[in-house]
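Me: I have a structure open and would like to go through it slowly with you. Could you take my questions one at a time?

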Amino acid sequence: MKVLASYATAFALLGLAAHAHADARSDYYQRAAQRDTAAFHALDVNHDGVVERSEIIGDNDFGPRFRDMDRNDDGIVTEAELALYMRERYGVDAPSANQATMAVQHLAAAPSP
Ligand SMILES: [Ca+2]
Ligand SMILES: [Ca+2]
């Protein structure tokens, strides 16, 4: 009877762990989407609402993924293309502008190595 109880406890704990894992993953993807959105706006140096190939030169985060994001291959990533990329890659919708701002503030607040 005691053994059975420990099994039940173990299964309950496993269940909790799996649940926490799923939460951590969705949280990770949510933050990744926020980071990408923040990076998109930071890289748009001429503020025309799109990121061109010339604006991502030297960027090691956005740069390598630029081609994946640029769906119609016109050398420009629009906000719609970014949203599509994030939905497919992370399974999340584009975060609100407010959340993106918070991500930027978080990055700015991070201590430098
Ligand atoms: Ca631009
Ligand atoms: Ca494009």
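Me: Where is the place of Asp 73?
Reply: Asp 73 sits in the loop between α2 (66-69) and β2 (76-77), where helices (H or I, at least four residues) and strands (E, at least two) are DSSP runs, numbered from the N terminus. Please keep in mind that this is a predicted model, in which local features need pLDDT of at least 70, side-chain atom pairs count only at pLDDT 80 or more, and totals for chains, interfaces and linings use all residues. Residues are numbered from 1 along each chain as its sequence is written, while chains are lettered from A and ligands numbered from 1 in the order in which they are written.

Me: Is Asp 73 buried or exposed?
Reply: Asp 73 is exposed, because 7 other C-beta atoms lie within 10 Å. A residue is called buried if 20 or more other C-beta atoms lie within 10 Å of its own, exposed if 12 or fewer, and partly exposed in between, with C-beta atoms placed from the backbone.

Me: And what about the phi of Asp 73?
Reply: Asp 73 has a positive phi of about 55°, although this residue is not a glycine. Most residues other than glycine have a negative phi. His 47 is also not a glycine, and has a positive phi of about 50°; this residue lies in the loop between α1 (2-43) and β1 (51-52) and is exposed, with 7 other C-beta atoms within 10 Å.

Me: New topic: how many helices and strands are there in the protein?
Reply: The protein has 4 helices and 2 strands, and from the N terminus on its elements run α-β-α-β-α-α. Of its 113 residues, 16% count as buried.

Me: Which residues of α3 are buried?
Reply: They are Leu 82, Tyr 85 and Met 86. These residues cover an arc of only 95° around the axis, which puts them on the same side of α3, the arc being that of the directions from the helix axis to the C-beta atoms. An α-helix has 3.6 residues a turn, so residues three or four places apart point the same way.

Me: What is exposed on the other side of α3?
Reply: Ala 80 and Glu 88 are exposed there.

Me: How many residues does α3 have, and what does it reach from its first C-alpha to its last?
Reply: Helix α3 (residues 79-90) has 12 residues and reaches 16 Å from its first C-alpha to its last, close to the 16 Å expected at 1.5 Å a residue; the expected span is 1.5 Å times one less than the number of residues. Just after α3, Gly 91 takes a positive phi of about 70°.

Me: Which residues make up the largest nonpolar core?
Reply: A nonpolar core is a set of buried Ala, Val, Leu, Ile, Met, Phe, Trp, Tyr and Cys residues joined through C-beta atoms within 7 Å. The largest has 11 residues: Ala 33, Ala 38, Ala 39, Phe 40, Val 51, Ile 56, Met 69, Val 77, Leu 82, Tyr 85 and Met 86. Helices α1 and α3 each supply at least two residues of this core, and its largest share, 4 residues, comes from α1.

Me: What separates the C-alpha atoms of Thr 37 and Leu 82?
Reply: Those C-alpha atoms are separated by 7.8 Å, although the two residues are 45 residues apart along the chain. Thr 37 is found in helix α1 and is buried, with 23 other C-beta atoms within 10 Å.

Me: Last one: what does Glu 81 touch?
Reply: Not counting residues up to four places away in sequence, Glu 81 touches Met 69, Asp 70 and Arg 71, and two residues are in contact if their C-beta atoms, placed from the backbone, lie within 7 Å. Glu 81 has its place in helix α3 and is partly exposed, with 19 other C-beta atoms within 10 Å. The C-alpha atoms of Glu 81 and Arg 71 are separated by 6.6 Å.
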